[in-house]
Amino acid sequence: MSAVTGDMAAAPPRANRALRQLLAAFNTNKTSWVGLATFAVVVAIAILAPVLATHDPIEQNILEKLKGPSAEFILGTDGFGRDIWSRLVYGARLSLWIGGVSILIAMVVGSLIGMVAGYFGGRLDIAIMQVMDVLLSFPSLILGLMVVAMMGPSVGNLIFAIALTAIPPFARIARAPTVSVKERDYIEACRALGYSHPRIMAVHILPNIFPEILVMGSLWLATAIRVEASLSFIGLGVRPPTPTWGGMIREGFENILDTWWLSMAPSVAILVVVFALNMIGDGLRDFVDPKLKGERGG
Amino acid sequence: MTQAAPLLQVEGLRKFFTVKRGFPNPRTVTVRALDGVDFGVREGEAFGLVGESGCGKSTAGRALLRLIEPDEGRVRFRDTDVLALDRQALRALRRKIQIVFQDPYASLNPKRLVGKALAEPMRVHGLAEGRALAERVRALLDEVGLPPEAAERYPHEFSGGQRQRIGIARALSVEPELVVADEPVSALDVSIQAQVLLLLRGLQDKRGLSYLFVSHDLGVVRWFCQGVAVMYLGRIVERGPLPQMFDEPLHPYTQTLRAASPVPDPRARVTMVRIEGEVPSASAPPPGCHFHPRCPHATERCRVEYPAWKEMGQGRGVACHLYDR
């Protein structure tokens with residue numbers, strides 16, 4: 001594998017330039033590789049949940065309740081005798097799905113809003129960003145809480161709530177570089193060539209601001225997973241018995257002094273994922289920051 | 001000579017920018033970037049627009065392209081009233097008038113392959129598709145003196161001069177009749193300047209291109225252009241054909257400009273006329289003739305009255321009280 005990347009680095013600079021810069025940024029920031037590997041393992045576990053799970057995650061078995069870790073139940077069982085490991089593995093699916101989809105929605109919608117505001121400027125810009133600032137002034141957990149409390153807990157509503165809280169930061173992060181990029185001569189050249197506004201934004205501005213958005217995406221994915229867990233913890237998440245990490249922490253919390261492993265397993269899982277995503281984000285940020293600024297020096 | 005209908009005719013072009021300055025009590029300041037500018041570019045001609053930094057020459061180039069919307073004035077391109085066009089018609093006009101920028105590092109999208117950057121205008125305007133498109137990209141690169149492989153590369157892999165060639169090729173891709181060249185060689189090394197100027201001159205002959213050549217370099221303008229207008233603080237002070245106008249400048253400002261540009265002959269004896277003082281701000285131009293604070297011939301009248309435009313024959317004209325009789 002490393003031989004392949006070595007060859008690519010030696011090849012004449014072409015289409016894979018961005019990739020090489022990314023590799024360089026990750027190499028100077030080795031923890032990014034750790035983060036990426038860890039996250040890849042978590043994603044693999046989530047995908048392979050049916051294979052990795054040793055028991056049915058929602059089947060209750062009262063005879064085996066609150067067992068400690070053992071050969072049969074790797075991480076023990078909860079108050080209903082359900083296997084923690086199996087629930088953790090299936091919970092990863094839901095946590096990643098809710099976090100991933102909501103951040104994807106927030107990324108698309110937020111970037112679009114921010115780009116339109118920055119590109120057209122003027123009153124439209126002021127109006128849009130005022131609305132974003134109002135949304136931004138709510139802590140994401142509070143806003144998510146309000147939405148779920150009003151609309152009821154379900155996977156769809158959770159995704160909507162988390163996406164809503166994440167749209168304003170994406171709008172902000174997309175708007176700032178748009179404002180600076182649109183002043184550059186090549187955007188003026190686009191206008192002189194008669195390109196339409198959507199084309200200029202999609203083809204000429206978006207690729208130049210995308211790295212910033214991507215960094216934000218990796219960091220906010222961590223936040224989304226946390227928010228989802230928090231909402232589940234206070235009982236506004238996906239309804240039981242569907243396993244989610246936040247819900248598992250809450251279930252285990254009742255007996256935390258006697259059976260600490262119930263809450264510990266999902267807590268550690270969340271910790272690991274959030275850490276991993278932040279490590280990736282650090283590497284991505286290095287990729288975005290110095291390289292683009294050095295562009296002019298050529 | 002002047003009888004031939006010009007390709008481009010600009011009349012009374014005006015653009016004021018308003019900016020708020022000062023804290024905590026902001027004042028609205030009006031910057032008179034263009035204050036009634038008239039000039040014309042004939043078919044096949046390179047017309048120079050000369051002046052110091054901030055005199056509004058670049059604004060003029062952008063205003064006639066409607067990259068900046070002018071406040072007032074008329075711009076006629078052939079039989080088209082440019083300032084009256086709606087969006088559709090303006091798009092069609094974009095094919096006819098193109099622009100080449102000063103800074104070759106800022107004028108190309110760093111994330112876009114050169115080949116794509118050149119193909120995009122043709123695709124947008126429906127000029128070519130598929131294989132024919134690739135063929136035209138290759139022809140464009142060849143025309144500006146770049147190898148076909150350049151299409152597969154990114155702008156950052158090229159030098160300033162090569163980038164400027166790419167910028168020129170992009171402007172040519174839609175087959176314009178007039179190119180606004182906004183200081184196209186000012187950012188380049190002197191040795192590269194000559195190459196790019198020769199390229200532009202060659203295109204003028206081969207394609208019958210006309211140029212509006214915005215520059216502060218009198219030497220370059222003298223070599224490249226057939227006519228020139230000198231701007232000072234948003235107004236044209238003198239206009240005429242080249243080289244006559246630089247040989248015998250009428251306006252004191254043109255005289256000082258010419259005296260300030262070096263003569264490539266070590267034995268030539270020149271008396272350097274010093275221009276006194278800074279360029280006054282375009283937001284607060286001096287009353288009367290804008291040039292009077294720096295003019296060696298300034299009279300009482302120059303301090304109160306802006307000189308009217310006077311035609312001096314042979315296509316020349318000047319705005320100066322010295323030529324009133």
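Hi everyone, let me start with chain A: of its 298 residues, 45% count as buried, where buried means under 20% relative accessible area, exposed means over 50%, and partly exposed is in between, with a 1.4 Å probe and protein chains only. Before going on, a word on conventions: this is a predicted model, in which local features need pLDDT of at least 70, side-chain atom pairs count only at pLDDT 80 or more, and totals for chains, interfaces and linings use all residues. Residues are numbered from 1 along each chain as its sequence is written, chains are lettered from A and ligands numbered from 1 in the order in which they are written, and side-chain values use heavy atoms, with hydrogens and water left out.

So what is the secondary structure of chain A? It comes to 12 helices and zero strands; helices here are DSSP runs of H or I with at least four residues, strands are runs of E with at least two, and both are numbered from the N terminus. The C-alpha trace of chain A spans about 75 × 50 × 25 Å along its principal axes. Take the contacts in chain A between residues at least 6 apart in sequence: 70% of them join residues at least 24 apart, a contact being heavy atoms within 4.5 Å. Chain A exposes about 14,100 Å², and carbon and sulfur atoms supply 69% of that; the areas come from the Shrake-Rupley method with a 1.4 Å probe, and for residues only the protein chains shown count as cover.

Phe233(A), Ile234(A), Phe253(A), Ile256(A), Leu257(A), Trp260(A), Met264(A), Val268(A) and Val272(A) make a nonpolar patch of about 860 Å². The rule for patches takes residues with over 30% relative accessible area and no salt bridge, joining like charges within 9 Å and nonpolar side chains (Val, Leu, Ile, Met, Phe, Trp, Tyr) within 5 Å. Which helix gives the largest share of the patch? That is helix H12 of chain A, residues 261–293, with three residues. Trp260(A) belongs to the loop between helix H11 (245–253) and H12, and it counts as partly exposed because its relative accessibility is 48%.

On to salt bridges, meaning a side-chain nitrogen of Lys or Arg within 4 Å of a carboxyl oxygen of Asp or Glu. Arg82(A) counts as buried, because its relative accessibility is 3%.

In chain B, Lys15(B) and Asp71(B) meet in a salt bridge at 3.6 Å, N to O. Lys15(B) lies in strand E1 (residues 8–21) and Asp71(B) in the loop between helix H1 (57–64) and strand E4 (72–77), so the pair ties together parts that are 56 residues apart in sequence. Lys15(B) is buried at 12%, whereas Asp71(B), at 43%, is partly exposed. There is also a network of salt bridges that links Arg14(B), Arg32(B), Asp35(B), Glu72(B) and Arg235(B).

Which residues does Arg112(B) contact, leaving aside neighbours within four places in sequence? They are Val203(A) and His204(A), together with Ala117(B), Glu120(B), Tyr154(B) and Pro155(B).

Last, the aromatics. Rings of Phe, Tyr and Trp (its six-membered ring) pair if their centres lie within 6.5 Å; planes under 30 degrees apart count as stacked, over 60 as edge-to-face and the rest as tilted. That rule gives 11 aromatic pairs over all chains. Tyr119(A) and Phe120(A) have ring centres 5.0 Å apart and planes at 85°, so they are edge-to-face. Tyr119(A) is buried at 9% relative accessibility, while Phe120(A) is partly exposed at 40%. Phe213(B) and Phe224(B) form a tilted pair, 4.7 Å centre to centre with 35° between the planes. Both are buried, and Tyr211(B), Phe213(B), Trp223(B) and Phe224(B) form one aromatic cluster. Thanks, and I'm happy to take questions!
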